[in-house]
Protein chains: 2
Amino acid sequence: MIKPRKVVEELDPYVPGRSIDEIASEYGVELDKIIKLGSNENPMGPSPQAVKAIVENLNLINQYPESDLQGLVSEIAEYSGVSPENIIAGGDGADEILDVLGKTFMDEGDEFIVPLPSYMYYEFTLKIHGGVPVYARWDIEKNLLDVDSVLEAITPRTKFIFLCTPNNPTGGLIAKEDIERILEATEAIVVVDEAYFEFSEVNNVDLLKDHPNLFILRTFSKVMGLAGMRIGYGIASPDIIEYMYRVKPVFSITKLSQIAARATLNDEEYIRESTKLSIASREYLYQEISKFKTLRVFPSKSNYMLVDVHETGMKAKDLTTELMKRGVIVRDCTSFKGLDEYWIRVSVGTMEEDERFIGILKEVVE
Amino acid sequence: MIKPRKVVEELDPYVPGRSIDEIASEYGVELDKIIKLGSNENPMGPSPQAVKAIVENLNLINQYPESDLQGLVSEIAEYSGVSPENIIAGGDGADEILDVLGKTFMDEGDEFIVPLPSYMYYEFTLKIHGGVPVYARWDIEKNLLDVDSVLEAITPRTKFIFLCTPNNPTGGLIAKEDIERILEATEAIVVVDEAYFEFSEVNNVDLLKDHPNLFILRTFSKVMGLAGMRIGYGIASPDIIEYMYRVKPVFSITKLSQIAARATLNDEEYIRESTKLSIASREYLYQEISKFKTLRVFPSKSNYMLVDVHETGMKAKDLTTELMKRGVIVRDCTSFKGLDEYWIRVSVGTMEEDERFIGILKEVVE
């Protein structure tokens, strides 16, 4: 009898956002009529420069990617305002970087702290490496991190503390002073997840100078418009980066992904316009959703917002199903620990998608 | 002080094949003059159908890939002659499948058996999961697996046995009866690496019926011509597959990789022609290299062949450097455990590349 490791037997599956193809075939909606506001993607589509670069390199896909990522790493370093020795780039978005953090530092029985609700993939990935989650608290009403709950959760076995800012799915920011307090209270690696930092127009790279235990996690899946190409990166002290490179898979960023990432980094106008559009779309959606009497929407510094649907009397599962029947995908947050079955997360779309979404939301909720 | 896990401190780095860009800049050779016979890729280039499918889907790369891989999995199952429940598909070529095997089954201190020389990535990946390598022996002179050396290496802690057929880098096949003997001698998972099976025109899928501990590992990086797109798969009993899906990363196959893989599977003519060309090229190269008095080339059932260069008096490192200066990349096998510093591996090229390579080899060796 072949049996898996004990931890695998007990693992909760990760529940991802749904794709357009899945929804189209499940609900019989035409593919190009679907509005996807469920996965915090860039509604502008990819950078035209990225598309162009891919087309120019298609004849090379029979060859292995570069294992030496120096070109990509240098350009990420420049974008981030650090040195190349502070950067690790990985495949599978930020998820591989999380996995490599686990592989590099997590011993069986080590703890990691996650304030709830937050991105569920931290827990999914680190449990596989024998990590034990310890939960702290995000204050949803104030949309702020409960810093004391994090400080109180620290033990001698704490290996990582995850601080997502802006936080997914709540949209709130963590104050730099609070991050500093936590960095100074521990020798654990404090993973500041800045997947969405561009939309908040602040970042925490300046803390790197005085805090060798800071690890900033980022992705090309959001403002960079390359969720489908799976590229992520981390920013940290050269020691941490060097240890991680020892275990990182050698070829996990595809050839076309590297090319697309570099072309996007060099397309400054695309990044600027994407940020501007997403922020404008967020403000519009926030205003419009605020007008619904039975919905409570939380102000967000990201490209999505959390909506409390308790007052509609519908569970998130039913509400999102009704929306999907009408061609709209938003995120049912039931699988996020720390939230009950009455929360959804809405990503920003183009202005036109937003307007159509609000119209459809009115059919379902009012 | 941030310290990695003990196993990470002791890890040997994996030494990958060199890319064209690296060699071009290091040796000042023009990019399009370089002949890459170092990484066992498909010299025909990618399937035109794969390229076409990518071009048609470029506007979608801002969206996450499907997490439900049912379409790809069904087509792989059909190609392999099994059911979809026997298949797991993963990103990063076969390397992610290896990693997922480790995550699913390997406990700290478990052993895995590798006959040397063989593909070094098994060891690189599984050591990270706390696995302890136990070496068996590939008989290079006969180019056959020393089956007894494998059977003798089995202990109660053996979790995996790796059998690469055709074996990388030696090119020899493992007889089906030998695989069966090993399957029946253990409850460990026997990983039969068929990355190159198309070139040998035999496979071991029929053993699945009677052997729940068989795991067949495959890739789209070789005859499928998609090394740059990073797709691999495994074939095994539904139990093994289901356990592995619990830990597999959700989005690790890029959107374009899925699309390219499916288009290639449906391009039967491309697969047939690629196989034919590689076999013809292999036979030609074998004949030509056999004519060198100081080289000893081993018959191969794959798309590469092992060459013993002792008699040239040059180390593989120096010989490959001389070749690189002249624009040819072959694999220096020094980093393969079980081989000394006097072995190279030559991948098949197009007939034209083969001829140019033989000419250049004459400049260096004779």
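Visitor: How do α4 and α11 of chain B pack?
Guide: Helix α4 (residues 70-80) of chain B and helix α11 (residues 255-265) of chain B pack at about 30°, with axes 10 Å apart. The axes are lines fitted to C-alpha atoms over the stretch in contact, and angles run from 0 to 180 degrees between N-to-C directions. Helices (H or I, at least four residues) and strands (E, at least two) are DSSP runs numbered from the N terminus.
Visitor: Before we go on, where does the model come from?
Guide: This is a predicted model, where local features need pLDDT of at least 70, side-chain atom pairs count only at pLDDT 80 or more, and totals for chains, interfaces and linings use all residues. Residues are numbered from 1 along each chain as its sequence is written, chains are lettered from A and ligands numbered from 1 in the order in which they are written, and side-chain values use heavy atoms, leaving out hydrogens and water.
Visitor: Back to α4(B) and α11(B): what is their relative direction?
Guide: They are roughly parallel to each other, a label for angles under 35 degrees; over 145 is roughly antiparallel, 65 to 115 roughly perpendicular and the rest oblique.
Visitor: Which residues of α4(B) and α11(B) meet?
Guide: Gly71(B), Leu72(B), Glu75(B), Ile76(B) and Tyr79(B) in α4(B) meet Gln258(B), Ala261(B), Arg262(B) and Leu265(B) in α11(B). Contact means heavy atoms within 4.5 Å.
Visitor: Now chain A. How many helices and strands does chain A have?
Guide: Chain A has 14 helices and 13 strands.
Visitor: What about α13 and α14 of chain A?
Guide: The axes of helix α13 (residues 316-325) of chain A and helix α14 (residues 351-365) of chain A come within 10 Å and cross at roughly 125°. That makes α13(A) oblique to α14(A).
Visitor: One residue, then: is Ile128(A) buried or exposed?
Guide: Ile128(A) counts as buried, at 4% relative accessibility. Ile128(A) lies in helix α6 (residues 121-128) of chain A.
Visitor: What is Ile128(A) in contact with?
Guide: Leaving aside neighbours within four places in sequence, Ile128(A) is in contact with Arg5(A), Val7(A), Leu11(A), Lys103(B) and Val247(B).

Definitions and conventions. Buried means under 20% relative accessible area, exposed over 50%, partly exposed in between (1.4 Å probe, protein chains only).
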